[in-house]
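Open the model in your viewer and follow the stops below.

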Amino acid sequence: TGCQSFLQRARSDNDVLLYYPVYDRFSERGTEMIDHFDGIGTFAGSSFERCATLMLEKGYAFDFISDKQIGESTVEDGLLKTPGNSHYKTIVIPRTSYMPLQTLEKISSMAESGANVIFIDNGPATVSGYSDLESNLTRFQEILAELKKKVNNGRDLLLLLEEAGIRREPMFDVGIQGIRKKDQGGDWTYFINNSNPTLFQGWLPIAIPVEGIMLFDPMTGSSGKARIRKSSAGTDVFVRLEPAQSLILESYTTALEVPHFPYMEEDGEPVALTGKWRVTFEHGGPELPPTFETEALQYWTESSDESYKNFSGVATYQLSFKKPSVDARRWLLKMESVKETAEVFLNGKSVGKVIGPVYQVAFDGALLKRENVLQIRVANLMANRIAYMDRKNIFWKRFYNVNFPARLRENAKDNVFTAAHWPPRPSGLKGKVELVPLR
């Protein structure tokens, strides 16, 4: 919800259209009656796949475009305008085996109107379909020969995009991925995500020059202005991103007079939370396992009792502890391992939800009392309960007109999916739980 409140009010700001060569797929002989378009499929190893992968890796923002969408697109001031009223600087035609004559005619018309067209390795090879093949092929070859004189043609896509003046997002070079969008007022919104397995902290380059940027954390609601500096690429923004963490960046044409985004650093030794944990199963099934107490946190699935191994749902880990002797305005609760998600409550107040892969929550030091109650409500996946139901032959696949095949042969019984042999997936809270003072 936090992400979409920003992203849905802005339009795509992608610069490139990549032609989707569906007729190459139609021409492939398959092993089934119907070809399912689930992933790259038979495009694997194609010029189309190479173009898409290269642009993703190098930070070029692009959308796919179909034959029908090309037929409904126009050219305005040298920009390609699609039926959705989005504007693009160029269209890339990968090396394809087949293309409809009408599509090539429209691309030729776009080029005549000033649109930038890029052919990769001479673009389409021949016309699609057998209807009026001889006349269509002759016309196709005539248009293609003339069109190659007007378009940018070559094998080096990156060079062709650079010559066309297409922006790229240099943040991708350091493993930060993002989506760039633009609102009606001309301001940009970025959704960025750290795809690295490690913390990213430093200056992140973005491809637009701005005077101010606000940062928003969609998980916590924290916000504030960013530290920025001008660069040759556009603007550098200082960010701190845990693995898989996301942030929203919103640009402004003027400097911002608001507090900076609150970054926290550890400021002292961790305080281990020890004692007797009480584990209560709140809701789920097939039945609620018995409550138990432990001083060493383990996944509940490590019990020898089958009711714990079969359970999918929510359990609360509760611990009473004294206030640490260290005085800090902010604290970080660090959980070593959670399977799979958790919500943390301190003295009855929710202080945050965690979905991983880093399980930690920051909170105000004023919430700590002399005596405290910590509750960590952990939810696991449905896998354990599904495996239990399949072992007991309990019907749960309530789907209308949907096949339920097994992707892996070991998950098949009579050609239908079954989880009956699945071992229990680790579930619950395990390892150390610590409080770390922050500054």
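Select residues 47–58: this is helix α3, with twelve residues. From first C-alpha to last it reaches 16 Å, close to the 16 Å expected at 1.5 Å a residue (the expected span is 1.5 Å times one less than the number of residues). Helices (H or I, at least four residues) and strands (E, at least two) are DSSP runs, numbered from the N terminus.

This is a predicted model, where local features need pLDDT of at least 70, side-chain atom pairs need 80 or more, and totals for chains, interfaces and linings use all residues. Residues are numbered from 1 along each chain as its sequence is written, and side-chain values use heavy atoms, without hydrogens and water.

Now pick Ser47, Phe48, Cys51, Ala52 and Met55, which are buried in α3 (buried is under 20% relative accessible area, exposed over 50%, partly exposed in between; 1.4 Å probe, protein chains only). Look down the axis: the buried residues of α3 fall within an arc of 135 degrees, so they line one face (the arc is that of the directions from the helix axis to the C-beta atoms). On the face turned away, find exposed Arg50 and Leu56. Just after α3, Gly59 has a positive phi of about 85 degrees.

Next, show Phe62 and Phe64. Their rings pair edge-to-face, 5.6 Å centre to centre, with 75 degrees between the planes (ring centres of Phe, Tyr or Trp, its six-membered ring, within 6.5 Å; planes under 30 degrees apart are stacked, over 60 edge-to-face, the rest tilted). Phe62 is buried at 14%; Phe64 is partly exposed at 44%.
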